[in-house]
Amino acid sequence: RESDHRAWTPVTYTVTRQNATVQGLIQGKAYFFRIAAENIIGMGPFTETTKEILIRDPITVPDRPEDLEVKAVTKNSVTLTWNPPKYNGGSDITMYVLESRLIGKDKFHKVTKEKMLDRKFTVEGLKEGDTYEYRVSACNIVGQGKPSFCTKPITCKDELAPPTLDLDFRDKLIVRVGEAFSLTGRYSGKPAPKVTWLKDDVVVKEDDRIKIKTTPTTLCLGILKSVREDTGKYCVTVENSTGSRKGFCQVNVVDRPSPPVGPVIFDEVFKDHMVVSWKPPLDDGGSEITNYIIEKKDTHKDLWMPVTSATVKTTCKIPKLLEGREYQIRIYAENLYGISDPLISDEMKAKDRFRVPDAPEQPIIKDVTKDSAVVVWNKPYDGGKPITNYIVEKKETMATRWVKATKDPIFPGTKFKVPDLLEGCQYEFRVSAENEIGVGDPSPPSKPIFARDPIAKPSPPVNPEAVDKTKNSVDLSWQPPRHDGNGKIIGYLIEYQKVGDEGWKQANLTADSCPETNCKVTGLTEGLTYKFRVKAVNAAGESDPAHVPDPVEVKDRLEPPELILDANMAREQHVKAGDTLRLSAVIKGVPFPKVTWKKEDHEVSPKADIEVTGVGSKLEIRNTVHEDGGMYSLTVENPAGSKTVSVKVVVLDKPGPPRNLNISDVRCDSCYLTWMEPEDDGGSVITNYVVERKDVASAQWVAISSSSKKRSHMAKYLMEGTQYLFRVAAENQYGRGPYVETTKPIKAIDPLHPPGPPKNLHHVDVDKTEVSLVWNRPDRDGGAEITGYLVEYQEDGADEWTKFQTVPMLDCVVTGL
């Protein structure tokens with residue numbers, strides 16, 4: 001409750017702790033507080049504070065002062081200022097304590113002895129050159145607060161301040177003639193700066209119109225009744241020992257212009273108009289000329305008539321004149337500030353005075369190339385006005401339209417190189433002159449010229465030589481001339497001379513009959529010796545001759561045959577059966593050799609195509625078969641010798657049939673086959689043999705081996721008693737050759753042997769001419785049923801046995817004894 005009230009006010013919340021914060025109290029009022037404990041049964045008795053409590057913030061010492069700054073320094077004093085602390089600790093500031101420390105010492109000492117509340121203080125009586133740092137503290141009723149942050153170390157010496165300059169005028173100032181103007185400003189600096197005024201880098205001096213006023217802080221330049229000469233760039237300089245500052249102002253004192261500069265020039269004069277020109281005023285009054293005002297006056301009248309007032313050019317056309325009348329022209333210049341005095345011309349009569357230039361004379365064409373030509377002409381009469389341009393035109397001779405050679409002006413020269421001509425075309429040229437009045441008539445056309453490079457005679461051919469000869473001809477060869485004279489070489493002239501004669505004869509009548517760099521000179525006499533020379537010819541004429549170095553004796557030249565083998569004439573040539581066999585070689589020799597192809601020293605097959613040309617020979621056999629293989633030879637022969645080369649040709653084909661097929665070791669379920677390799681393996685290694693069998697009762701052959709490399713095979717799994725045929729073929733990489741077949745069927749049975757001898761042969765009866773015999777079966781029948789017994793007899797003492805008969809049983813009666 002408030003101390004002056006009796007009613008208790010409950011605090012709005014219940015606490016379970018042993019402390020609480022009471023909010024919403026009014027600062028400056030006194031309160032009593034009480035507290036009671038409460039449980040589930042109810043509330044206990046209150047305990048009350050013994051005395052009233054006054055509500056106010058707790059008082060502390062102030063915060064540190066802020067913004068301690070050094071404002072001025074001399075050799076024996078320092079002036080400092082600062083701001084109060086952000087928080088005074090809850091009580092008013094009672095005083096400030098300023099302390100200093102000499103750099104090098106540890107302790108701060110009070111500077112103020114009396115109580116100080118001002119926030120500015122000058123420390124005096126310091127020693128020049130000493131360095132101090134300062135701090136300040138605030139005090140309130142509680143006590144002295146924290147000191148401020150220290151100043152930087154301050155050395156006692158007279159303070160220097162560079163000049164400052166604050167101007168009241170802008171960079172540019174425009175003043176009318178006769179008006180006054182002033183340039184003012186403020187400045188500062190330590191030591192006191194010197195003030196200097198300049199105009200266009202020259203010091204301004206005072207006179208009756210120019211006044212300069214300077215105080216310790218202000219400066220002023222004033223000019224009364226300004227004139228045009230006051231225009232210029234003004235500069236004020238503020239300078240002391242620490243530096244300088246400058247301010248600038250471009251002052252423009254403006255006035256109306258001075259008159260245009262004469263005389264008035266009559267550039268063109270005609271019966272109904274004139275063109276005049278003049279020069280701008282020497283003084284534009286400090287402002288750009290906005291326009292000229294032009295007026296005209298007939299000298300018989302006093303009235304000036306306006307022509308125009310809207311031109312800024314220094315030339316003007318004066319129209320609407322009367323032929324034969326004399327006129328004067330006057331011209332004013334105008335700017336933003338007024339109109340000048342006039343410039344007045346002399347009198348001029350309106351009549352035609354100038355015309356276009358005359359036509360130049362016929363131009364001359366020089367230095368023609370394939371794409372250009374130089375046109376030269378003489379200067380014509382200029383019509384009274386200077387020629388300003390020449391116009392050169394070109395056209396093809398057969399065309400009707402003239403075309404300008406260039407868009408650029410041609411002046412002052414009287415010749416022009418016309419570019420971009422088409423090579424081989426014929427052109428004419430003409431020239432017109434132009435002055436200010438216009439373009440005059442064109443000149444007569446030039447003589448026609450062809451656009452092509454100038455042609456000179458070519459240089460002689462290079463390195464002529466005799467490369468071949470026969471009994472009535474010589475072959476010559478040479479190289480083109482080093483210089484063709486800028487003209488196409490039409491051809492060559494060849495001349496010859498019999499040794500001992502003086503005159504030269506022509507081998508060809510015209511150069512175009514020999515356009516190449518070689519020629520065969522014919523119709524020569526065998527055994528004679530000739531000299532030769534060659535000339536090159538272009539459109540300009542014949543070159544000097546180039547001589548073949550040595551005389552040439554005309555006779556057949558002998559060179560032994562020479563064979564240059566092609567790749568298909570290597571030592572061995574393989575060709576697949578059915579493909580084409582080609583053998584060829586390059587052949588040389590003088591005279592050209594006779595060519596002979598042979599196979600195994602015999603004529604080659606009629607199916608072979610043989611071709612012989614002047615440089616070689618070729619043999620070709622299409623659809624080759626195995627029989628086309630063998631040793632082929634090529635022989636070339638002439639009177640100087642012969643040469644032969646041979647090549648083995650292998651026609652790769654399927655192999656031939658195996659040889660000597662033999663069947664042995666026949667059993668009831670197998671037999672053994674052997675054979676020999678084919679006589680012809682087809683030019684390729686036998687890779688394997690194929691063995692097949694066939695039941696004689698069947699039409700189908702059955703393969704029993706297809707990969708064997710051996711020349712024998714055991715045929716197994718035969719059916720006993722069945723008759724079989726067998727066949728064998730060889731294979732190489734080109735296919736399977738023909739089969740060799742057994743000539744007669746083979747029966748699958750075990751082999752038969754002769755039976756063993758009958759046993760126990762004895763007689764059972766004897767007569768005078770016969771004997772009865774009996775015997776037993778032999779121990780072995782040889783693998784087959786015994787079909788009979790052969791009975792033989794022999795007379796005692798004789799060498800031979802005599803056959804009696806074969807009997808089926810185990811007894812026999814031999815008769816006829």
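How do the residues of the lining of the second largest pocket divide into nonpolar, polar and charged?

## Basis of the model

This is a predicted model, in which local features need pLDDT of at least 70 and side-chain atom pairs count only at pLDDT 80 or more, whereas totals for chains, interfaces and linings use all residues. Residues are numbered from 1 along each chain as its sequence is written, and side-chain values use heavy atoms, with hydrogens and water left out.

## The second largest pocket

The lining comprises 18 nonpolar, five polar and three charged residues, where Ala, Val, Leu, Ile, Met, Phe, Trp, Tyr, Cys and Pro count as nonpolar, Asp, Glu, Lys and Arg as charged, and the others, Gly among them, as polar. A pocket is here an open set of points on a 1 Å grid over the protein atoms alone, where a 1.4 Å probe fits, with protein on both sides within 12 Å along at least five of seven lines; lining residues have an atom within 4 Å of a point.

The second largest pocket has a volume of about 510 Å³, taken as the space filled by probe spheres set on the points, which are joined across faces, edges and corners. Of its 26 lining residues, Pro758, Tyr789, Leu790, Val791 and Glu792 lie nearest the centre. Strands β65 (771-776) and β66 (789-793) each supply at least two residues of the lining, and the largest share, five residues, comes from β66.

## Annotated domains

The unreviewed UniProt entry places "domain: Fibronectin type-III" at several spans, including residues 64-159 and 657-751; such annotations may be inferred rather than shown by experiment. Residues 64-159 are 0% helix and 41% strand, with end C-alpha atoms 28 Å apart, and residues 657-751 are 0% helix and 49% strand, with end C-alpha atoms 29 Å apart. Helices (H or I, at least four residues) and strands (E, at least two) are DSSP runs, numbered from the N terminus.

## Strand pairing

An open sheet of three strands runs in the order β30-β31-β34 with antiparallel pairing, two strands being paired if DSSP finds at least two bridges between them. Its edge strands are β30 (364-366) and β34 (415-418), each pairing on one side only. Four bridges join β31 (residues 373-376) to β34, and Val375 stands opposite Phe416 in β34.

Elsewhere, β47 (residues 572-576) is joined by five bridges to β54 (residues 641-652), and these two strands run parallel; the bridge partner of Lys576 in β54 is Leu652.
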